[in-house]
Amino acid sequence: MPLAVDVVKRYGRRPMEKFDESKLKQSIYAACLSIKTPAGEADSTSSAVVKSVIVWVGARPTVTSSDIRRVTSTHLERFHPDAAYIYQHQKSIL
Amino acid sequence: MTITEAIVPLAIITFAALCHASFQLSTSMLTMLSGHAIGRQTARRKLARLITAFILGAAATTALLLSTLAFWLDRTFTHSIPLYVWSIATGLAVGVGISVWLIYYRRKPGTTLWIPRGFANLLARRSKKADTSAEAFTLGFTGVIAEILFVIAPLTIAALILLRLQPGWQLAGVALYTLLAITPLLIVSSLVSMGQKLSRIQKWREANKRFLQFIAGAGLIVLGAYIYVDHILAATALGLGEL
């Protein structure tokens, strides 16, 4: 069952949306693949990180997308520091 | 014109091209394009095509801008370049050099550049979604044009210096400038092709961004100072100035 948590987008410019764990998993998976992690490892890492993030998100009615990125990076750091770096700095490359 | 006569102008063009190469927008875009293409599990051959198209786009734009600028200057000042044009080029190099020191990178973690955030987000979105060679080529073109405010200084000086060379050497000068200006892109593409992790490339860029910023700014100021001494001060001292 999807979590009934609202996500406030970056700078609050775009409308809020429901927390989507598959979207989160996909972004972590892509970050892992972008540093050439094997697909199987990327899948298991992204599943484990999403589980940890859900525990954090589940306790709150509203979260910001920046908070999700920060918490996800913290959890991803334990599994894959390089992927966590890319995930955290995606928005600050340009 | 012998190689000995051409060597000083070519050395100045080399220096201007290295200043151009130290600007980072195209490198950031290429890093982002490669990262997202690998993240989408793009086939190796297609990734190579995208990267090549991006680099060709940047190279073609650089060569065209330099040639156009040189052609326009040649048509406008048919006999010789007046002193005020050299003065403008000097001012441009020093002004852009100081601007690089002050505003090129934002005071944030990462390699966030000076460009307006809306435009940066657009470039980031397009880099992420680039899926065909034509899109990647256009992105390479856009990366150079978007930095025109900074690259105009080394381009102008290189164009002015090109006019001192004979046609054959001018072609060599354009090729040399273009090749050196795209060197960082060639390095990033080689590292990606050799299987180097993007996180390592990006960490290196972040760790050395202040050094690169200092070098780019200092390079332009030195270039401006050289042009001032060699073309303005020398001409004034010898009473050859044509204002």
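User: How do helix 3 and helix 6 of chain B pack, and how far apart are their axes?
Analyst: This is a predicted model, where local features need pLDDT of at least 70, side-chain atom pairs count only at pLDDT 80 or more, and totals for chains, interfaces and linings use all residues. Residues are numbered from 1 along each chain as its sequence is written, with chains lettered from A and ligands numbered from 1 in written order. Helices are DSSP runs (H or I, at least four residues; strands are E, at least two) numbered from the N terminus, and axes are lines fitted to C-alpha atoms, for helices over the stretch in contact, with angles of 0 to 180 degrees between N-to-C directions. Helix 3 (residues 44-76) and helix 6 (residues 133-146) of chain B meet at about 40°, and their axes are 7 Å apart.

User: So what does that make helix 3 of chain B relative to helix 6 of chain B?
Analyst: Under 35 degrees counts as roughly parallel, over 145 as roughly antiparallel, 65 to 115 as roughly perpendicular and the rest as oblique. Helix 3 of chain B is therefore, relative to helix 6 of chain B, oblique.

User: How many nonpolar residues does their contact have?
Analyst: Contact means C-beta atoms, placed from the backbone, within 7 Å. Helix 3 of chain B brings residues including Leu50(B), Phe54(B) and Thr61(B), while helix 6 of chain B brings Ala136(B), Leu139(B) and Phe141(B), among others. Ala, Val, Leu, Ile, Met, Phe, Trp, Tyr, Cys and Pro count as nonpolar, Asp, Glu, Lys and Arg as charged, and the others, Gly among them, as polar. Beside 7 polar and 1 charged, the nonpolar count is 12.

User: What is the angle between helix 3 and helix 8 of chain B?
Analyst: The contact includes Ala59(B) and Leu66(B) of helix 3 and Val174(B) and Tyr177(B) of helix 8. These helices are oblique too, and their crossing is right-handed. Their axes are 9 Å apart, and the angle is about 140°.

User: How many residues are in the largest nonpolar core?
Analyst: A residue is buried with 20 or more other C-beta atoms within 10 Å of its own, exposed with 12 or fewer and partly exposed in between (C-beta atoms placed from the backbone). A nonpolar core joins buried Ala, Val, Leu, Ile, Met, Phe, Trp, Tyr and Cys through C-beta atoms within 7 Å. Leu33(B) and Phe54(B) are among the residues with the most contacts inside the largest core, whose residue count is 67.

User: Which residues does Leu33(B) touch, leaving aside neighbours within four places in sequence?
Analyst: Leu33(B) belongs to that largest core. Beyond those neighbours, its contacts are Leu50(B), Phe54(B), Ser127(B), Ala130(B), Ala136(B) and Leu139(B).

User: Where is Lys36(A), the non-glycine residue with positive phi?
Analyst: Phi of Lys36(A) is near 65°. Lys36(A) is partly exposed because 15 other C-beta atoms lie within 10 Å. Its place is the loop between helix 1 and helix 2 (39-58) of chain A.

Conventions. Contact = placed C-beta atoms within 7 Å. Left-handed = near helix turned anticlockwise from the far one by under 90°.
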